[in-house]
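Okay, thanks for making time, everyone.

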Amino acid sequence: MRRLSIFSLATLLWATLLSSCASWEETRRDVVQPVQQLLHREYPRALATMSLAELRPLYSDMTVATRSAELWGFFATIDRASALIDEARHDQGRVQATVFLRIEGRTDDGEAVMIEQARAISCKQQGDRWCIVTDSGGSLVVVAPPPARFVDETTLRRIDFSHEPPLLPDAAGEPQRFVLGAGVAVADVDGDGWEDIVMASAHTLTAYRNVPPSEAAGHAGTFEVVTERWGLTGQHGAALTTTLFLDIDN
């Protein structure tokens with residue numbers, strides 16, 4: 001199933017909605033941000049709970065919400081769900097969107113299962129919030145789960161990093177939050193045989209030294225912040241989006 005990057009996804013939605021007569025600021029505030037919040041975050045989050053009480057507030061009609069909940073029939077438990085907008089059109093107060101949905105979980109027998117489906121969703125504003133009016137699914141694909149999985153160990157390894165997109169001035173000089181990714185580079189900086197990490201986010205650069213596992217210290221390997229120790233400047237005026245190690249003096 002096709003996947004779009006965050007940048008191209010946002011650009012597609014932005015460009016489509018800007019075809020209306022509303023100004024960019026009005027469109028962004030009243031349509032883009034609330035619809036993105038609804039379909040990218042609230043919709044998959046509610047599906048993952050397997051609770052109709054959590055799903056129902058997102059819909060204008062209980063019947064539509066109940067039909068969407070039929071996806072739960074594949075699972076005993078759901079580990080995660082995600083939704084990406086592939087195409088969107090704003091017309092006469094409604095947003096018509098094609099959303100790629102992925103749900104991962106386990107069956108009653110404990111078997112891992114993952115499903116993917118393109119869903120046609122229309123949204124409209126009711127009162128002070130946007131809600132889903134129609135939600136229908138196309139062909140459903142059951143995907144074999146990968147044999148290997150990733151586990152989040154950032155806290156265990158003492159890596160405290162949160163990406164914040166930078167605020168950059170637009171053509172009128174007004175600060176806008178741009179959709180730019182973080183930068184990360186990995187190399188054995190101190191030559192101890194363990195790879196270290198440098199991360200960039202918005203205007204901040206952070207260096208992490210890889211602390212090897214130690215039975216005496218009682219840990220399996222962690223990282224420590226060494227930005228200043230290695231002579232790096234933590235704060236920068238320009239937006240940081242990429243990091244790269246270079247051996248300049250060979």
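Let me start with a question: of the 31 residues in the largest nonpolar core, which touch the most other members? They are Leu39, Tyr43, Tyr59 and Ile132. By nonpolar core I mean a set of buried Ala, Val, Leu, Ile, Met, Phe, Trp, Tyr and Cys residues joined through side-chain atoms within 4.5 Å. Buried is under 20% relative accessible area, exposed is over 50%, and partly exposed is in between, with a 1.4 Å probe and protein chains only.

Who supplies this core? At least two residues each come from helix H2 (24–49), helix H4 (62–68), strand S1 (77–91), strand S2 (94–106), strand S3 (112–126) and strand S4 (129–143). The largest share, seven residues, comes from H2. Apart from this core there's another one, of six residues, including Val198, Ala200, Leu205 and Leu240.

Quick housekeeping. This is a predicted model, so local features need pLDDT of at least 70 and side-chain atom pairs count only at pLDDT 80 or more, while totals for chains, interfaces and linings use all residues. Residues are numbered from 1 along each chain as its sequence is written, and side-chain values use heavy atoms, with hydrogens and water left out.

Now the overall picture. The protein chain has four helices and 10 strands, and along the sequence the pattern reads α-α-α-α-β-β-β-β-β-β-β-β-β-β. Those are DSSP runs numbered from the N terminus: helices are H or I with at least four residues, strands are E with at least two. Of the 250 residues, 33% count as buried. The accessible surface is about 14800 Å², and 53% of that belongs to carbon and sulfur atoms; that's Shrake-Rupley with a 1.4 Å probe, and for residues only the protein chains shown count as cover. As for contacts, meaning heavy atoms within 4.5 Å, take those with a separation of 6 or more: residues 24 or more positions apart account for 51% of them.

Back to H2. This helix has 26 residues and reaches 35 Å from its first C-alpha to its last, close to the 38 Å expected at 1.5 Å a residue. The expected span, by the way, is 1.5 Å times one less than the number of residues. Where does H2 kink? At glutamate 42, by about 35°, shortly before proline 44. The bend there is the angle between axes fitted to the seven residues ending at that position and the seven starting there. Buried residues of H2 include Val31, Val35, Leu39, Tyr43 and Leu47, but also Arg28 and His40.

The side chain of arginine 119 makes a polar contact with the tyrosine 43 side chain at 3.2 Å. A polar contact is a pair of N or O atoms within 3.5 Å; within protein, one must be able to donate a hydrogen and the other to accept it, and residues adjacent in sequence count only if both atoms are side-chain atoms. Arginine 119 lies in strand S3. Is that arginine buried or exposed? Arginine 119 counts as buried because its relative accessibility is 5%. Its side chain also has a polar contact of 2.4 Å with the side chain of glutamine 117. Beyond four places in sequence, arginine 119 touches Ser68, Leu71, Val99 and Asp135, among others.

Tyrosine 59 is in contact with Tyr43 too, and with Val64, Ala65, Ser68, Cys131, Ile132 and Asp135, leaving out residues up to four places away. Alanine 65, in helix H4, is buried, at 0% relative accessible area.

In strand S4 we have leucine 140, which is partly exposed at 29%. Leucine 140 and isoleucine 115 sit 25 residues apart in sequence and 6.9 Å apart in space, C-alpha to C-alpha.

Most residues other than glycine have a negative phi. Glutamine 92 is in the loop between S1 and S2, and counts as exposed because its relative accessibility is 77%.
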